[in-house]
Amino acid sequence: MLYKLINSLYFLWLLLAIPALGALLQFSHNPTTSFDLIHPTGEFSVRLMIIAMMISPLRQLFGRRGWTDWLLKRRRAIGVAAFGYALLHLVFYLIDMAVWEQVVKDAMIFSIWTGYIAFAIFTVMALTSNDSAMRMLRANWKRLQRFVYAAAILTALHWVYVDGEWRGALIHFIPLAALEIARVAHIFTKRSRKTAQVGTVI
Ligand code: HEM
């Protein structure tokens, strides 16, 4: 019973919501902390996006197993939570800026507009991450999901340029990049093995 509860999607949603509730609580106690909350919400969003993105290459590399199926069932929740944290990040940023003229001025800077475009992609993906959108878009749904790679690159650039250094972003993106490289290598070896097999049959 307890195991079933802990293993449920509801429990995962609760876990994913805890840092957000903490941030909102802190803000409600002291609204002047909005600037301090930009940083953790941005990092949570990136981490969740990376975890959600790692699930596909893991499944391709390790095949359908209990744990890869388990991860796949949770991918949508993790992706939507990544969007939720990006939204909080934006809200805290806007509250901190307070002056619209400054927000518009900022939006012209490379380090900030990369964040806005990544966020726009996140929004489209979150809005279409339900069964009815999947049915409606059919093959286009998968094409649309590939935009997450553009969002990941834009987020990495946003992070590096806003921070003025690349180590934080690099450490976070290395596991995903390594898995993607392994996935491509795996596809190529599989293809060349198939071609070699066809060659020996002929
Ligand atoms: C919607 C438009 C966005 C705006 C206006 C924005 C704005 C900002 C600003 C002003 C900072 C610097 C905060 C500081 O100096 O502590 C920042 C940092 C950051 N943002 Fe964004 N951001 C946006 C979108 C995103 C998105 C979509 C993500 C993640 C997917 C993200 C992830 C981050 C990260 C990881 C940092 C660096 C945190 C650190 O210093 O370690 N941002 N953002």
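**Close-up views of a predicted helical model**

**View 1. Helix α4 meets helix α6.** The axes of α4 (residues 66-97) and α6 (residues 110-127) come within 10 Å and cross at roughly 135 degrees, with axes taken as lines fitted to C-alpha atoms over the stretch in contact and angles running from 0 to 180 degrees between N-to-C directions. That makes α4 oblique to α6 (angles under 35 degrees are roughly parallel, over 145 roughly antiparallel, 65 to 115 roughly perpendicular, and the rest oblique). This is a predicted model, where local features need pLDDT of at least 70, side-chain atom pairs count only at pLDDT 80 or more, and totals for chains, interfaces and linings use all residues. Residues are numbered from 1 along each chain as its sequence is written.

**View 2. Who touches whom between α4 and α6.** On the α4 side we find G79, V80, A82, F83, A86 and L90, facing F119, F122, T123, M125 and A126 of α6; contact here means C-beta atoms, placed from the backbone, within 7 Å. By class, that's 9 nonpolar, 2 polar and no charged residues (Ala, Val, Leu, Ile, Met, Phe, Trp, Tyr, Cys and Pro are nonpolar, Asp, Glu, Lys and Arg charged, the others, Gly among them, polar).

**View 3. Around the ligand.** There are 23 residues around the ligand, and G42, S45, A86, G115 and F119 come nearest (a residue is near if its C-beta atom, placed from the backbone, lies within 6 Å). Elements giving two or more residues to this shell are α3 (34-62), α4, α6 and α9 (147-163). The top contributor is α3, with 7 residues. Split by class, the shell has 13 nonpolar, 8 polar and 2 charged residues.

Definitions and conventions. Helices (H or I, at least four residues) and strands (E, at least two) are DSSP runs, numbered from the N terminus. Two residues are in contact if their C-beta atoms, placed from the backbone, lie within 7 Å.
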